Amino acid sequence: MQILYVKYVSVHVYVGGASRETGLISARKVRRISFASTPRRISWCYFAAIGKIQIVTVKMSNHQRLDDGMRWRIVGRLEAGQSQVQICREFNLTPSVVCNLWKLFQDTGSIERKPGQGRPRATTATEDRYLSIIARRNRGATASKLSRDLYAATGTRVSRVTVSKRLHETGLFARRPAVCVPLTSTNRKVHLAWCREHRDWSMDQWATVLFTDESRFSLNTDSRRTYICREPGSRYLPSNVREINHYGGEGLMVWAGIMLDGRTHLHVFERGTVTGVRYRHEILERYARLFKGAVGPEFISMDDNARPHRALLVD
């Protein structure tokens, strides 16, 4: 048997087969509540004055913070003569909430809550705004560095946990940056012109194009776990993208191609640098010629402007 201790429960009870009472019952009248199966289905309850009562349904009252509008509505109904029990049933509140609100209004003439006695806020609104500004200017700054910058600027010393909380309040969270290959303005113009030139192509025309590319995979563990502060949904904004075009350590160069109705096998370059000679012998003669023979004279091999692709022997 499990014992449950509650402050108030909203119950619908039956005594002797007939419904007698529906409402809130104080926990001071409850001697023992035992569970039959689950905490929401209670079989028997013993009260001091009533005796044995079978409870059919039990509804726990959730803790809610009332806004000012709801507080004034409750006070207005109390002034109009409505009982606290009726208000509790209508708004699904516990009697202590209504009683404390009515007592506060009678003592002070207002429904404003008293200021808390907890620990005061470590930073001011100006300092919070300063943290948000410098975090947006330097996306890669850590919470410890922001804490030191705040101390140097204002003399207020806070922990990195406090800095993280202030940034979370303004919508800034630590995330790993997106990585891309840097493009110059000329690259962007050429890409845009190419897209506009081919935007009206049909599916049959695109079916003759083989898109190919190489990618290098590092064999070393990536321990450079750098983070930036950014807002949710802003992963690919220019300010949140880190451009990387160099690789360090050992790795493997892998080549592959895709079409609308097929793809090539992964080709791993054994060793050394990919040159124009290796690209012609290992890629074009081994894969591109086969696809060209299958597609026909309309076959197009699409690659990027890497140096091995633009060698004279490749053309």
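I began with strands 11 and 12 (residues 262–263): two bridges join them, and they run antiparallel. Strands here are DSSP E runs of at least two residues, helices are H or I runs of at least four, both numbered from the N terminus, and two strands pair if DSSP finds at least two bridges between them. The model is predicted, so I kept its conditions in mind: local features need pLDDT of at least 70, side-chain atom pairs count only at pLDDT 80 or more, and totals for chains, interfaces and linings use all residues. Residues are numbered from 1 along each chain as its sequence is written, and side-chain values use heavy atoms, without hydrogens and water.

Next I looked at the turn. A hairpin of two residues links strand 11 to strand 12, and Ile258 stands opposite Arg263 of strand 12.

I then followed strand 11 (residues 251–259) to its other partners. Eight bridges tie it to strand 8 (residues 209–218), antiparallel; there Phe217 pairs with Leu252. Strand 13 (residues 267–269) is also antiparallel to strand 11, with three bridges, and Val254 has Val268 as its bridge partner.

Which residues form a nonpolar patch on the surface with Ile258? I found Trp194 and Phe211, and the three together have about 260 Å² of accessible area (Shrake-Rupley, 1.4 Å probe, only the protein chains shown as cover).

Last, I checked Trp194, which sits in helix 7 (residues 185–197). Trp194 counts as partly exposed because its relative accessibility is 31%, between buried (under 20%) and exposed (over 50%).

Technical notes. Patches are made of residues with over 30% relative accessible area and no salt bridge: like charges are joined within 9 Å, nonpolar side chains (Val, Leu, Ile, Met, Phe, Trp, Tyr) within 5 Å. A salt bridge is a side-chain nitrogen of Lys or Arg within 4 Å of a carboxyl oxygen of Asp or Glu. Buried means under 20% relative accessible area, exposed over 50%, partly exposed in between (1.4 Å probe, protein chains only).
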